[in-house]
Each structure stands twice: as C-alpha cells, then as structure tokens.
Amino acid sequence: MTNRLRTEVQEEEAEKKLIVKEIPAKPEIPDNFLSQFFTKAFISSEAATKALPFVLYIAFLGMIYIGNRNLAEDNIRDIDKITAQVKELSWDYKTTKADLAFKSTLTEVAKRADTLGIKEPVQPPQKLIVKEDAANGY
C-alpha cells in the first residue's frame, strides 16, 4: 500500500492538466489571393504607413468626383426646368401674337369701334389740294 493512491491522484491531476491545455483547432483558411494578402503580411505596417498619403489623396479625389457629378446632375435638372419654361413661354408668345393679329384686322377693329360709338365712314377719303399763292410766298 505504498503509493498506489498517490499515483492515482497524480495521474488524475495530469489528465486534468492535459484536458485544460487542449487548444481548439483553428478553422482552415482557404489558400486564395485575399487570404494570402491579409494574413501572410503581404503588406507590412511600414508599407501601409508609407502608402497612407496616397490613399488619402485618392479618397479626396473620389469625394471631389462625387461632388462634381452631383453638381452636374443639378445643373442638368435646372436646364430641363428652364427649357420647359421657355417652351411654355414660347407658346404663350405665339398665341398672344396670333390674338393680336386677329384683333387688329379691319373687321375686328370696326366691331370694337361700334361698341365705343364710333362709326365707320361710308364715304371714301378726300384728297386735299393746296393751291400755292405766289403773292403770299407759299
């Protein structure tokens, strides 16, 4: 009966340590370009730091490009609105001009003159002849 209990206790403790020390297996990462690019230090932190100004410059140019495109679309919308207004005003001008041409005809003027009490002359206009008198100097 020497150390039988002690050896059993030691074996159980060793088994517990082994169980605690087991590390779960990592899932295997597929070996493609992106996984190599990000996991195998394709770009070091120094290279990333050196490239940062260029990346910021490209981002700035992208923002300018987006802003410029939005301004261009706004201008196109404004041009479309103004073109529609010009067409509408053109049609208004043409209808007003046609109304004026119609109202300035002889019959329409005569109708309007009758409402004011002015009558159309029945006799043709007479030509006035002025005789020069040599004595008066005319």
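**Exercise 1.** In which helix do Arg77 and Asp74 both lie, and how many residues apart are they?

*Solution.* Start with the ground rules. This is a predicted model, where local features need pLDDT of at least 70, side-chain atom pairs count only at pLDDT 80 or more, and totals for chains, interfaces and linings use all residues. Residues are numbered from 1 along each chain as its sequence is written, and side-chain values use heavy atoms, with hydrogens and water left out.

Now find the pair: Arg77 and Asp74 both sit in helix H3, three residues apart, or about one turn of the helix. Helices here are DSSP runs of H or I with at least four residues, strands are runs of E with at least two, and both are numbered from the N terminus.

Next, look at the side chains. Arg77 makes a salt bridge with Asp74, with 2.9 Å between the closest N and O atoms. The term stands for a side-chain nitrogen of Lys or Arg within 4 Å of a carboxyl oxygen of Asp or Glu.

**Exercise 2.** Trace the salt bridges that join Arg69, Glu73, Asp74 and Arg77 into a network.

*Solution.* Begin at Arg69, which pairs with Glu73 at 3.4 Å between the closest N and O atoms. These two residues are four apart in helix H3 (residues 45-103), about one turn of the helix.

Step on from Glu73: Glu73 also bridges to Arg77, the closest N and O atoms being 4.0 Å apart. Glu73 and Arg77 are separated by about one helical turn because they are four residues apart in helix H3.

Finish with the link you already know, between Arg77 and Asp74. For the whole structure, the search finds four salt bridges.

**Exercise 3.** Describe the chain's layout, and say which element has the lowest mean pLDDT and which the highest.

*Solution.* Count the elements: the protein chain has four helices and zero strands. From the N terminus on, they run α-α-α-α.

Now check the confidence. pLDDT is the predictor's confidence in each residue, from 0 to 100. The chain's mean is 82, and 75% of its residues reach 70 or more. Among the elements, helix H1 (residues 4-21) has the lowest mean at 66, while H3 has the highest at 95. Keep a simple caution in mind: where pLDDT is low, the predicted coordinates should not be read in detail.
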